[in-house]
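User: Please account for the terms applied to the following model, setting each against its definition.

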Amino acid sequence: MSLLTAADVRSLATRLDLRPTKTLGQNFVIDPNTVRRLVRTAGVGVEDVVVEVGPGLGSLTLGLLEVATRVVAVEIDPTLAGELPATVADRLPERADRLEVVLQDALTLTGVPGPPPTAFVANLPYNVAVPVLLRLLEHLPSLRTGLVMVQAEVADRLVAPPGSRTYGIPSVKAQWYADVRRAGAIGRNVFWPAPNVDSGLVAFTRREPPVGDREATFAVVDAAFAQRRKTLRAALAGWAGSAAAAEERLRAAGIDPGARGEVLGVDDFARLASAPVA
Ligand code: SAM
């Protein structure tokens with residue numbers, strides 16, 4: 001079997017003298033069944049070019065290489081990036097030429113080498129999960145689908161619909177690019193070291209973005225949620241120039257100035273961003 005077991009992860013870590021860091025969100029999957037589940041849930045097939053962020057020791061990478069035509073793995077840690085080709089050559093030699101490792105901070109990614117990627121599958125470093133996801137959706141427009149493992153609480157926020165308690169900036173921005181949904185829960189024991197939070201799976205399918213300008217829309221989203229307890233009229237006063245100007249623009253977009261930002265969907269925000277200024 002090519003997938004890494006707990007014993008494999010342990011022996012690789014010992015040989016590399018690895019000390020997983022919290023800063024880089026290094027929690028490695030030690031359970032082949034979890035990897036199989038992730039690959040199955042992601043729906044990755046033989047036609048897919050997959051981008052993975054944070055391959056770590058290669059637990060998920062090996063599972064992806066078993067099915068995809070190509071995997072581009074973006075890793076920030078030079079030791080892990082350096083070791084990955086050898087791990088794949090050892091465990092899955094017939095697929096080794098399908099892997100390309102990129103040593104880079106995913107938060108600086110503007111593209112990936114080779115054919116346009118179609119799917120994004122990752123067990124994301126938890127402290128940068130949302131910005132990494134949004135960055136890839138922005139900079140890799142060929143991505144059609146994806147599955148990411150994130151902190152359970154972040155998963156809830158990403159998929160939250162308007163009006164719910166966890167709805168906020170990550171929800172609206174992710175929903176600009178894609179239909180985003182919960183795709184399962186993951187316990188702590190499938191990782192080494194075990195994190196002190198539960199994890200959740202989030203699947204996405206790219207959608208036609210709303211009509212309007214993305215940056216202008218994200219600016220109004222940031223303003224609306226910066227003061228989420230206030231009415232939109234008050235919260236958007238700075239953004240519009242004054243409370244009266246905010247009220248005017250809200251009315252022009254057909255939105256109640258007394259409402260709160262958390263009731264607006266991404267299409268409402270897009271409409272508001274392009275509403276005429278008197
Ligand atoms: N995919 C592996 C697994 O499932 O076992 C490891 C996942 S671990 C949660 C996160 C990985 O992301 C680590 O390998 C870490 O070094 C890497 N990483 C952290 N920050 C990163 C960044 N900004 N860009 C790219 N990789 C990053």
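**Pockets and ligand**

User: Which residues lie nearest the centre of the second largest pocket, and how many line it?

Analyst: The lining comprises 14 residues, with Lys 22, Gly 25, Asn 27, Pro 195 and Asn 196 nearest the centre. Each counts as lining because it has an atom within 4 Å of a pocket point; a pocket is an open set of points on a 1 Å grid over the protein atoms alone, where a 1.4 Å probe fits, with protein on both sides within 12 Å along at least five of seven lines. The space in this pocket is about 260 Å³. The model is predicted: local features need pLDDT of at least 70 and side-chain atom pairs pLDDT 80 or more, while totals for chains, interfaces and linings use all residues. Residues are numbered from 1 along each chain, and side-chain values use heavy atoms, without hydrogens and water.

User: Where does the ligand sit?

Analyst: The ligand sits in the largest pocket, so more than half of its atoms lie within 2 Å of the pocket's grid points. About 430 Å³ of space lies there, and 31 residues form the lining, including Leu 24 and Pro 125.

Notes
Points joined across faces, edges and corners; volume = space filled by probe spheres on them.
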